[in-house]
Amino acid sequence: MNNKTKICPNCGGKIPLSAEKCKYCANWVDDEYRLSNHKKYNYVIEDISQEKVESSKEQDLLTTETIEESKSNIFSNVLPIRRFFLLMFFTLGLYEYYWYYKNSDLISKDKNPLVRTILFIIPIVNWFAYYSLLNDINTKLKKNNLQTFSVAWNVLFYIFSPILGFWSLINVQEHVNEYWRIENPEYQTRLNFTDSEKVIMAIIPLIMILFILYITIFISLLN
């Protein structure tokens, strides 16, 4: 048996909690009672709900700003031709091997890009390694409906002429850049050299100059 009671807001009589009409004054009490006894709590609930909505909006805004700021600090894999040319020039062509490693890792998704790059260093074997990489790049281009290039001609240029071989690398890089512009449209392109690139571009020529001086001095001493 339910013995819970409430007070009629009209006459002050004590009536059952579930009663909608006062048995003493015959007035309806349910709505009045709910409003008079729970009004302040309803306002509190509404205020809390509004605070939660505002807090959620602020959190979403902060999250969006954080994501946008994070994206602004991330660069795409696009390698501008100017940077590629200078990296090849100042590293005396050695950047080519890192270029091969990076593309084997990012585009070919090779599980052992280092092993593949070692094969690329070995004379004659590097022809087949270069062909394999170019074929993987062309496959990615086709899947994205991008313009492809002739794998066979680029390999032949690479094999028989250093100048045309360098042109082949630039040609392939231009196509790779188009691929990354589709894959990473939200990221910006890095135009400046990284700190590590600057160090490498300075050290390798210095090492080569010291090596040439050493050989020159050694030969002069023998004579």
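The accessible surface of this protein comes to about 15600 Å², and 61% of that area belongs to carbon and sulfur atoms (areas come from the Shrake-Rupley method with a 1.4 Å probe, and for residues only the protein chains shown count as cover). This is a predicted model, in which local features need pLDDT of at least 70 and side-chain atom pairs count only at pLDDT 80 or more, while totals for chains, interfaces and linings use all residues. Residues are numbered from 1 along each chain as its sequence is written, and side-chain values use heavy atoms, with hydrogens and water left out. Let's walk through the structure topic by topic.

**The overall plan**

- The protein has 8 helices and 2 strands (DSSP runs numbered from the N terminus: H or I of at least four residues for helices, E of at least two for strands).
- Starting at the N terminus, the elements come in the order β-β-α-α-α-α-α-α-α-α.
- Of the 223 residues in the protein, 28% are buried (buried means under 20% relative accessible area, exposed means over 50%, and partly exposed is in between, with a 1.4 Å probe and protein chains only).
- Among contacts with a separation of 6 or more, 53% are between residues 24 or more positions apart (a contact means heavy atoms within 4.5 Å).

**The nonpolar cores**

- The largest nonpolar core contains 28 residues (a core is a set of buried Ala, Val, Leu, Ile, Met, Phe, Trp, Tyr and Cys residues joined through side-chain atoms within 4.5 Å).
- Inside this core, the residues with the most contacts are Phe84, Trp99, Tyr130, Ile137 and Val172.
- At least two residues of this core come from each of helix 2, helix 3, helix 5 (125-143), helix 6 (151-160) and helix 7.
- A second, separate core has 5 residues, including Ile15, Ala19, Cys22 and Val29.
- If you set aside its neighbours within four places in sequence, Ile137 is in contact with Ile107, Phe149, Val172 and Val176.

**Helix 2 and its buried face**

- Arg83, Phe84, Leu87 and Met88 are buried in helix 2 (residues 81-90).
- Looking down the axis of helix 2, you would find its buried residues within an arc of 130°, so they line one face of the helix (the arc is that of the directions from the helix axis to the C-beta atoms).
- What do the buried residues of helix 2 pack against? They pack against helix 3 (95-106), helix 7 (162-183) and helix 8.
- Just after helix 2 comes Leu92, which takes a positive phi of about 60°.

**A buried serine**

- Ser104 is found in helix 3, and it counts as buried because its relative accessibility is 0%.
- Not counting residues up to four places away in sequence, Ser104 touches Lys109, Asp110, Pro113, Arg116 and Leu133.

**Salt bridges**

- Side chains of opposite charge can pair when their charged atoms come close.
- The structure holds 3 salt bridges (a side-chain nitrogen of Lys or Arg within 4 Å of a carboxyl oxygen of Asp or Glu).
- Arg83 pairs with Glu197, and their closest N and O atoms are 2.7 Å apart.
- This pair links distant parts of the chain, with Arg83 in helix 2 and Glu197 in helix 8, 114 residues apart.
- Arg83 is buried, with a relative accessible area of 5%, and Glu197 is buried at 14%.
- Asp136 pairs with Arg116, and their closest N and O atoms are 2.9 Å apart.
- Asp136 lies in helix 5 and Arg116 in helix 4 (residues 113-121), so the pair ties together parts that are 20 residues apart in sequence.
- Asp136 counts as partly exposed at 24% relative accessibility, whereas Arg116 is buried at 10%.
- Glu178 pairs with Arg181, with the closest N and O atoms 2.8 Å apart.
- Both Glu178 and Arg181 lie in helix 7, 3 residues apart, which is about one turn of the helix.
- Are Glu178 and Arg181 buried or partly exposed? Glu178 is partly exposed at 40%, and Arg181 is partly exposed at 42%.

**A nonpolar patch on the surface**

- Leu92, Met208, Phe211, Ile212, Tyr214, Ile215, Phe218, Ile219 and Leu222 form a nonpolar surface patch, with about 900 Å² of accessible area together.
- Patches are made of residues with over 30% relative accessible area and no salt bridge, joining like charges within 9 Å and nonpolar side chains (Val, Leu, Ile, Met, Phe, Trp, Tyr) within 5 Å.
- One of the patch residues, Met208, sits in helix 8 (residues 195-222) and is partly exposed at 35% relative accessibility.
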